[in-house]
Amino acid sequence: MPALSESRSLRYFSFFYLYVMQGIPSGFALTAVTNYLAAEGLDARAIATFGAVIGLPWGVKFLWGPLVDRYQSSAMGRRRPWVLAAQCLAFLASFTLFLTKDPVADFDLLMWSFVFHGVFASLQDVSVDALAITVVPLPERGRANALMKGGMVTGQAIGAAGLALLLHSGGFQTAAMVQSGLLLGLTVLTFFIREQPGDALLAFHRVARQTESVVHTSFVKILRELRRALLTRQSLLLFFAVAAVFLSERLFQRVYFLHLIQKLGWSDTSVSVLSGTYGAVVAVGLALVGGWLSDRLDARQMLLIVAVAMGLMHAGFSAAEPLWADTRVATAAVIIRQTLEPIFSIAALPALMSLCRLKVLGHNLPFTWPSVTKPTSLASICPVRCTPIFPPLSWG
């Protein structure tokens, strides 16, 4: 089998399934389980607390970046060992969910089990993003980002719709068991994919790399460069603008779903299944189209157009609140809402990735995609990383 650096089709397939793997737990936690808790009568404060707390590991995931950059000398590749380690640890952490017998009665235990899983899932996200930035050539970024987001939405659909049905038919532990089985199956795939030709499939020794003399003596300089990258005016403006849009979109979703379940009498399963089926299919299709367009249009212009369109749609729908009781209107809103965040992500990612700095440790490096022989410490110095930028906000 060719390595990721040699095969475009393998890159597309790999980043798609890697994001499916990330999407399953997020769809389960923040759609299926959250809607279930709403249907069981938990108030908005408890549900907001649940979402905020399980998002904590993702809020500080940038701290993983310097570690991923600092240690890159495994015989299995520069980034792949981190991906594998994170996947295995996230799989093992998912077993803590079995301690929860009743999601309502064991609410605190449920919440902190998701937090524990999120610690390693956030490491996986950073590692996969670092791998993508390293091996995906510049002309493929838009399409790769589209497949990554498409994989995320597909995984969220499985976690939201599929596991919501299991949650009601077989109980919480059955749904958690299926999630763990899916994570294990997708982890196995990663054991058979090489980052570069000649990388070992499985090894526990180090090899000398061209990057080693720089990376292994400059951890402080990596942190210093990360601080500089984060605090530039351009980075801060784009970072907070994107964050504000994601936050607004996620808040609208949570309030709207809570209204459907607790005020209009929708079942939590119907909301989860609807957003995870029709909404997911439309979202994946639009994500692929958006990825194709983002390779051809100016990233900043596309981001601005999508953000304005989202704002107008939310404002218009909010003004039409008296019509929400109409099932057709409410159903259309769930489906349309499910497509907005993926479209915005596809528009945002190329702009965010363009902020990654190739000047590392005082070295002004020529960089040729997809070559990874230069000492480019990209995982820690990209001021805002690939999707999900704020998983508690961008999870569906």
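Predicted model: local features only at pLDDT ≥ 70, side-chain atom pairs only at ≥ 80, totals over all residues.
## Thr-100 and its surroundings

Let's start at one residue: Thr-100 touches Asp-106, Leu-109, Leu-110, Ser-113, Phe-172 and Gln-173, leaving out residues up to four places away in sequence. Contact here means heavy atoms within 4.5 Å. Thr-100 sits in the loop between helix H5 (80–93) and H6; helices (H or I, at least four residues) and strands (E, at least two) are DSSP runs, numbered from the N terminus. With 0% relative accessibility, Thr-100 counts as buried. The cut-offs are as follows: buried is under 20% relative accessible area, exposed is over 50%, and partly exposed lies in between (1.4 Å probe, protein chains only).

Residues are numbered from 1 along each chain as its sequence is written, and side-chain values use heavy atoms, with hydrogens and water left out.

## The protein as a whole

The protein has 17 helices and 2 strands. Of its 396 residues, 57% are buried. Among contacts between residues at least 6 apart in sequence, 85% join residues at least 24 apart. The accessible surface comes to about 15900 Å², and carbon and sulfur atoms account for 69% of that; the areas come from the Shrake-Rupley method with a 1.4 Å probe, and for residues only the protein chains shown count as cover.

## Helices H2 and H6

Helix H2 (residues 44–54) packs with helix H6 (residues 107–135) at an angle of about 25 degrees, and their axes are 8 Å apart. The axes are lines fitted to C-alpha atoms, for helices over the stretch in contact, with angles running from 0 to 180 degrees between N-to-C directions. H2 is therefore roughly parallel to H6: angles under 35 degrees count as roughly parallel, over 145 as roughly antiparallel, 65 to 115 as roughly perpendicular and the rest as oblique.

On the H2 side, the contact is made by Ala-46, Thr-49, Phe-50, Val-53 and Ile-54, and on the H6 side by Phe-107, Leu-110, Met-111, Trp-112, Phe-114 and Val-115. These residues divide into 10 nonpolar, 1 polar and no charged. Here Ala, Val, Leu, Ile, Met, Phe, Trp, Tyr, Cys and Pro count as nonpolar, Asp, Glu, Lys and Arg as charged, and the others, Gly among them, as polar.

## Nonpolar cores

A nonpolar core is a set of buried Ala, Val, Leu, Ile, Met, Phe, Trp, Tyr and Cys residues joined through side-chain atoms within 4.5 Å. The largest one has 64 residues, and Phe-15, Phe-50, Phe-114 and Tyr-256 have the most contacts inside it. Helix H1 (residues 8–39) gives the most to this core, with 17 residues. Apart from this core lies another, of 11 residues, including Phe-246, Val-306, Met-310 and Phe-344.

## Two more residues to look up

Ala-175 belongs to helix H8 (residues 172–190) and, at 0% relative accessibility, counts as buried. Not counting residues up to four places away in sequence, Ala-175 touches Phe-28, Leu-163, Leu-166 and Leu-167.

Gln-262 lies in helix H11 (residues 233–262) and counts as partly exposed, at 36% relative accessibility. Neighbours within four places aside, Gln-262 is in contact with Ala-38, Gly-41 and Leu-42.
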